[in-house]
Amino acid sequence: MHNLSRKRIWVAGHRGMVGSAVVRRLQSEGCEVITAGRETVDLMRQTQVESFLADTKPHVVVMAAAKVGGILANDTQPASFLYDNLMIEANIIEAAHTNEVERFLFLGSSCIYPKFAPQPIPEDALLNGPLEPTNEWYAIAKIAGIKLAQAYRKQYGRDYISAMPTNLYGPGDNFDLNSSHVMPALIRKAHEAKMRGDKSITVWGTGTPRREFLHADDCADALVFLLKNYSGEEHVNVGSGEDVTILELTQLVCDVVGFTGEIVHDLTKPDGTPRKLMSADKIRDLGWRPSIGLQEGVETTYRWYRDLSN
Ligand code: GFB
């Protein structure tokens, strides 16, 4: 439907896990990828975003830039998660429109859905119930981003679309234990416990919440697929279609790392939403499927982390 060949594509947030995976994936599309670090363009400043787009005139923009973090970071920095994300997305979408960007891909998150949404969660569950309190700030910002893309489509006829990735992991993830998501946290905890010869690792919460995981390279592949094949007002879920409990994930990570000690629970930490498995029907019907299984993904991510930390 949309040929990316010879298009100039700005990947906003190219240094992050998802943005860098999108840059890698676009290498085989025959397009020109442009990037800009924070020292060149501060995405929180409208004039800087406008000047950058006026100077570079991309045909396509992929918005992988966001303030992101795990459950604790979301819960303890509500102002930053709401304000930063609102500013970044509003600045980029408006500047994309004024600079005649043809295609814009907004990235959200599975936390946009109600806390007790039907499982697997279909796209039309959006705004059907209250959000999970630990991440409602981030969720509200991401819902605003979906609505901005829809509004520019409705008012100006712009072909701007949105994708909702599930919990992502992979090379380039944030492994800081206070701000990371669960996957990098468990990989780091298991690795360090093994190296130190500890008897146990500590997992936050009860271990019963269920989460769906997708490798960042699969996500990037899905995003490029949507850029080429999807045009529509409604956002599209991007997931693996399978979930595991946090305890099952912990056991898998410990097996991969080779840590054989005990798993201890810190019940002072929040569980968050009990389950958020998204329906993968829509993207499957369009013709896309993931290719990296959870075991394989954890193995390659662990190798990447181990090489980095040695
Ligand atoms: O990945 P995570 O931080 O975020 O946590 P969410 C997922 C689950 O893993 C929660 C548990 O039940 C955590 O309590 N968990 C266990 C841990 N041990 C750990 C640990 O050491 N570190 C972390 N971080 N979690 C985020 C949202 O929700 O998901 C964001 O806050 C975003 O807004 C993101 O949507 C994708 O899956 O709960």
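Me: Is His 14 buried or exposed?
Reply: His 14 counts as buried, because its relative accessibility is 17% and the cut-off for buried is under 20%. Keep in mind that this is a predicted model.

Me: Where is His 14 found?
Reply: His 14 sits in the loop between β1 (8–12) and α1 (17–26).

Me: And which residues does His 14 touch, leaving out those up to four places away in sequence?
Reply: With those left out, His 14 touches Gly 19, Ser 20, Val 23, Thr 35, Ala 36 and Gly 37.

Me: How many Å apart in space are His 14 and Ser 109?
Reply: Their C-alpha atoms are 18 Å apart. In sequence, His 14 and Ser 109 are 95 residues apart.

Me: New topic: sheets. In what order do β6, β8 and β10 form their open sheet?
Reply: The order of the 3 strands is β6-β8-β10, and the pairing is mixed.

Me: Which strands stand at the edges?
Reply: β6 (167–169) and β10 (243–245) do. Each has a single partner strand, so one side of each is left without a neighbour in the sheet. On average, neighbouring strands of this sheet are turned by 50° against each other, direction ignored.

Me: What holds paired strands to each other, in general?
Reply: Strands of a sheet pair through backbone hydrogen bonds, and the pairing is either parallel or antiparallel.

Me: Do β8 and β10 pair in the parallel or the antiparallel sense?
Reply: Antiparallel, over 3 bridges. β8 covers residues 210–215. In this pair, Glu 212 stands opposite Asp 243 of β10.

Me: What about β6 and β8, parallel or antiparallel?
Reply: β6 and β8 pair in the parallel sense, over 3 bridges. Here Asn 167 stands opposite Phe 213 of β8.

Me: How many residues of β8 are buried?
Reply: 5 of the 6 are, so β8 is largely enclosed by the rest of the structure.

Me: Which strands does helix α7 lie across?
Reply: Helix α7 (residues 216–229) lies across β6 and β8. The helix runs at about 70° to β8.

Me: Now pockets. What volume does the second largest pocket have?
Reply: About 190 Å³. Its lining has 14 residues, and Phe 213, Ser 240, Glu 242, Gly 293 and Leu 294 lie nearest the centre.

Me: Which strand gives the largest share of that pocket's lining?
Reply: β8 does, with 3 residues. β8 and β10 each supply at least two residues of the lining.

Me: How does the pocket lining split by class?
Reply: There are 7 nonpolar, 4 polar and 3 charged residues in the lining of the second largest pocket.

Me: Last one: how many cavities of 30 Å³ or more does a search of the whole structure find?
Reply: The search finds 1. About 60 Å³ of space lies in the largest cavity. Its lining residues include Ser 110, Tyr 113, Glu 132 and Arg 275. By class, that lining has 4 nonpolar, 3 polar and 4 charged residues.

Definitions and conventions:
Residues numbered from 1 in each chain as written. Predicted model: local features only at pLDDT ≥ 70, side-chain atom pairs only at ≥ 80, totals over all residues. Heavy atoms only, no water. Pairing = 2+ DSSP bridges. Helix = DSSP H or I, 4+ residues; strand = E, 2+ residues; numbered from the N terminus. Axes fitted to C-alpha atoms, helices over the stretch in contact; angles between N-to-C directions. Contact = heavy atoms within 4.5 Å. 1 Å grid on protein atoms, 1.4 Å probe; cavity = no way out; pocket = protein on both sides within 12 Å on 5 of 7 lines; lining within 4 Å. Points joined across faces, edges and corners; volume = space filled by probe spheres on them. Nonpolar A, V, L, I, M, F, W, Y, C, P; charged D, E, K, R; others polar. Buried < 20%, exposed > 50% of the residue type's maximum accessible area, 1.4 Å probe, protein only.
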